Amino acid sequence: MKKIILSCFCFPFAMVCSAQKMSAVDSAAKTEVYSPVPKVVTPGENFSTPPSDAIVLFDGKNLNEWVLTNDIRKPANWFVADGIVTVNKKSGNIQTKKSFNNYQLHLEYRIPENITGEGQARGNSGLFLASTGGGDAGYELQILDNYHNATYVNGQVGSVYKQFIPLANACRKPGEWQSFDVIWTAPQFNEDGTLKSAAKVTAFHNGVLVQNNVELKGETKWIGLPSYHKHGASPIKLQAHGDKSEPLSFRNIWVREL
Ligand code: MG
């Protein structure tokens, strides 16, 4: 008799519990999203190697994806050997044949072990996130040897040159390979040439965050203040700096359009 009474009380309680459980599942389902399904991207074997959807800009074999900045009809003639490319200071900057808007980029560079010079004249190069003309026109993320080498902080490696000081100095020693991983959001312009939305950059130097979604004030200027002028999709450019220190090398350069 006791059992019957107990089950009479328990049965409705179990029903209520089950109803509550279902209701929680239904409620949770209301905030689940099933589309769009992210595309499948096969990652590279390691952080250096390109994922399946990357555009490889330099794979160690040739500079087929690059031209000279100051005469884009001519092929880039930096020195390719042993899977790396070394700056040819006589030829000047090189830039990609392709133009890009927003992207994720990976590159690796090595300052020569026997590097000489100081301040800005020691392993100076640069990654121009968008090349907007000849020479150094564009937006420069600084590459420089700042391993025990001081300079103005808004011009050290990882700075958006003369705009944003890097959040850390993550330099490795000269002679060691180092990396940059960058997310670039291109600026947008109105029809009349005025700025619609500023360029933004996030950058990791050797895996360390050095720029956190900063909004650029304009194109890099060595002298004077940065400013914008209207442009569209642009090449990516590497700098052959005019100082006398030994030239640096690059490898594993790839980009994913976003
Ligand atoms: Mg530079």
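Buried here means under 20% relative accessible area, exposed means over 50%, and partly exposed is in between, using a 1.4 Å probe and protein chains only.

Before going on, a word on what we have here. This is a predicted model, in which local features need pLDDT of at least 70, side-chain atom pairs count only at pLDDT 80 or more, and totals for chains, interfaces and linings use all residues. Residues are numbered from 1 along each chain as its sequence is written, and side-chain values use heavy atoms, with hydrogens and water left out.

On pLDDT, the predictor's confidence in each residue from 0 to 100, the protein has a mean of 93, and 92% of its residues reach 70 or more. Over residues 4-10, though, the pLDDT is below 50, and this stretch makes zero contacts in the model beyond near neighbours in sequence. A contact means heavy atoms within 4.5 Å.

Back to Q142, then. Which protein atoms are donors of the magnesium ion? They are N124 (OD1), S125 (O), E140 (OE), Q142 (OE1) and Q239 (OE1), lying 2.2 to 2.3 Å from the ion. Two of these residues link distant parts of the chain: S125 in strand β8 (residues 125-131) and Q142 in strand β9, 17 residues apart. Donors are N, O and S atoms within 2.8 Å of the metal (3.2 Å for Na, K and Ca), and water is not among the atoms, so sites may look incomplete. Strands (E, at least two residues) and helices (H or I, at least four) are DSSP runs, numbered from the N terminus. Along the sequence, the donor residues are spaced N-S-x14-E-x1-Q-x96-Q.

Next, the charged pairs. How many salt bridges does a search of the whole structure find? The search finds nine, a salt bridge being a side-chain nitrogen of Lys or Arg within 4 Å of a carboxyl oxygen of Asp or Glu.

One of them joins the side chains of R256 and D53, at 2.7 Å from N to O. This pair links distant parts of the chain, with R256 in strand β16 (residues 249-257) and D53 in the loop between α1 (2-29) and β1 (55-58), 203 residues apart. R256 is buried at 15%, while D53 is partly exposed at 24%. Both belong to a network of salt bridges that also includes K39.

R122 and D145 form another salt bridge, again 2.7 Å from N to O. R122 sits in the loop between β7 (103-110) and β8, and D145 in the loop between β9 and β10, 23 residues apart. R122 counts as buried at 17%, as does D145 at 1%.

In the bridge between D71 and R73, the closest N and O atoms are 2.9 Å apart. Here D71 is buried, at 17%, whereas R73 is exposed, at 74%.

Finally, let's look at strand β10, where we find I183. I183 is partly exposed, with a relative accessible area of 38%. Not counting residues up to four places away in sequence, I183 touches Y103, K200, V201, T202 and L258. The C-alpha atoms of I183 and L105 are separated by 6.5 Å, though these residues are 78 apart along the chain.
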